[in-house]
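Here's a quick briefing to read alongside the coordinates. Keep the viewer open and click through the residues as they come up.

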Amino acid sequence: GKGELEFRRPEGLVDLRIMTLVIVGLALSCAKQSFPPGGPMDRTPPDVASTYPPRGSTGIDVETAIWIEFNERMDRRSVETSLFISPRPLAAPEYRWKGKKVVVKLPGGLLSDRTYVITIGTDAHDLEGNRLVAPYSFSFSTGDSLDRGRIIGNVIPEEQGKGAFVLAYDLGRNKDPDPVNDLPDYITQISEDLEYSFNNLSNGAYRVFAFRDDDGDGGYTPDKDPLAVPPNDVRISDSTATVKLGTLYLVKRDTTRLRLQSVVAPDRVHVQLFFNKEIDLKEARFFISRPDTLLVVDYYTVPGEKTKVVLLTERQQPGVEYQLMLQDVHDLQGNPLSEERVYWTKFLGSSQEDLVGPSIVSVLPPDGTTDVPLDQPIQITFNEAVRKAIPQSALQFEEPSPPGELSWRDAVTLVFSPVAQWKSEMVYRFSFIPEMIFDYAGNGLSDTLHVEYRTVDEDKLGFITGRVTDADPDARGAFHVRIEQIGGKIVHDLLLLNQGHYSTKGILPGRYRVWAFRDANGNGRLDYGRVDPFVPAERVSFFPDIVAVRARWSTGGIDLKFER
């Protein structure tokens, strides 16, 4: 009859009524050109006015219809695609609209003795495009009581205007959930302050993922959408009804399989390995055997060619087929070269002698730099491994000559660290004596080096201080504190072996983000975890606000807290 609306499914259907309204609106606008639209544009975000069943109600009949009424007319499609029902229904819900109200029908009705959580995400918007400020949730039960479990947390980092979806999986129903293929048991979105909350969960174990839907298809797409793997699973029980999960760190995943593309010996003391992407050399191991063991003296990633790894070996026998074993080789996101930990390949020994001397690839600080930090070490990077026994006198300073120590950061990077800080606002000049540098084939350095730089005025510097604490007494690993300039290139790293106080040594004024991670496996970098097989991410902690640094001022209380 007149005024009745039938249930419909939203997928793939065109609402002819909307098209009619558009056409009528255009006709009216043409007929009334003398009357401009009145009043300011609506900028007020919509809100939920009422729901049924009421929030927190129990004993709801399984045949009850669910409805949501907003305080203004809404874009229907945006509401339907932003409405999440937990536990997830077996079939897609159907919707009926009447003005500001939408009625939701679940095929087969509600389940008995279950707690339901209905969430409207922040993509729901009114006819002017104004979105909900935060996700709106309400719960009810078809049983005598509501489940009381709760998981709360936050998601970092985020882009302005782009919300993240947070997914919770009941591990009692799915032991190895995969956000690519498995629909979650519970879903919500983060609020404007990057926080989320799952409420009214039943007792049990849960795994939580988060993703940002960059490609806009409504689900997680590997290689396109950033994904956060949790630092641990959580368990809800009568004694632990609320659990705060550690920060979920969004990062775009590289799911491309790591491959060794070729192996070649260009001369009698080097073997070159070409991968399809950069590998983590801190965990990798290389062994050469058959017919006889050939010692691998050192190995390194070639500067400027991150997918190329060079092994420095003893002298090879020309034409002999060697077997190379690669063990624990992963890319920087933990994708392995081989699931078996060990990968075998072959190469032929070279007859060519190495006749080319090493060269300098880069120097830090570069020549002509100003405002060099007072604790900045000098870093010289070569294009190949050179003999480690370099005398201190190889690095020559003009007056003033600071005391310091030479050390090797890796096979190709030489570092000079001053014993004390550089002097404030001072010009330093140094040169490198090439006659003291040789590669392992005896070839001398082909470059000369002369560098001049000026240190920063210490009166320009400010400081950041705070404490790092961990609520988990059983956690292990050093804390890496990172201070990153907003919109700039300045990055300061601090290493704390134990929780406690930290302080920067002096940084230039500006706005900074401060965060830390706990290096549980000791490899010196943040590991993002894996979905399959599940590997928890290393734990991170972000200071919630941007930190302003002022000259000659110490900004304190920048505390970083790790959740249990």
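This is a predicted model: local features need pLDDT of at least 70, side-chain atom pairs count only at pLDDT 80 or more; totals for chains, interfaces and linings use all residues.

Residues are numbered from 1 along each chain as its sequence is written, and side-chain values use heavy atoms, with hydrogens and water left out.

**The sheet**

- Four strands make an open, antiparallel sheet, ordered β1-β2-β5-β4; strands are DSSP E runs of at least two residues, numbered from the N terminus, and two of them pair if DSSP finds at least two bridges between them.
- The edges belong to β1 (48-52) and β4 (94-98), and each has a single partner strand, so one side of each is left without a neighbour in the sheet.
- From one strand to the next, the twist averages 20 degrees (axes are lines fitted to C-alpha atoms, and angles run from 0 to 180 degrees between N-to-C directions).
- Four bridges hold the antiparallel pair of β2 (residues 66-70) and β5 (residues 101-105), and Glu-69 has Lys-101 in β5 as its bridge partner.

**The core**

- The largest nonpolar core contains 23 residues; such a core is a set of buried Ala, Val, Leu, Ile, Met, Phe, Trp, Tyr and Cys residues joined through side-chain atoms within 4.5 Å.
- Buried means under 20% relative accessible area, exposed over 50%, and partly exposed in between (1.4 Å probe, protein chains only).
- Among the residues with the most contacts inside this core are Ile-68, Phe-70 and Phe-140.
- At least two core residues come from each of β2, β3 (83-86), β4, β5, β6 (115-120) and β7 (136-141).
- Beyond its neighbours within four places in sequence, Phe-70 is in contact (heavy atoms within 4.5 Å) with residues including Val-48, Trp-97, Val-102 and Ile-120.

- Five bridges connect β20 with antiparallel β23 (residues 321-327), where Phe-287 stands opposite Met-325.
- Val-329 sits in the loop between β23 and β24 (342-348) and is buried, at 4% relative accessibility.
- Setting aside neighbours within four places in sequence, the contacts of Val-329 include Phe-286, Phe-275 and Leu-337.

**A buried arginine**

- Where is Arg-525? Look in the loop between β36 (510-519) and β37 (540-542).
- Arg-525 is buried, with a relative accessible area of 18%.
- The Arg-525 side chain makes a 2.6 Å polar contact with the side chain of Asp-280 (a pair of N or O atoms within 3.5 Å; within protein, one must be able to donate a hydrogen and the other to accept it, and residues adjacent in sequence count only if both atoms are side-chain atoms).
- A polar atom of the Arg-525 side chain also lies 3.0 Å from the backbone oxygen of Leu-332.

- Most residues other than glycine have a negative phi, and most peptide bonds are trans.
- The Ser-86 to Pro-87 bond is cis, and so is the one joining Leu-364 and Pro-365.
- Asp-223 has a positive phi of about 75 degrees and is partly exposed at 41%.
- Arg-552 has a positive phi near 55 degrees and is exposed at 65% relative accessibility.
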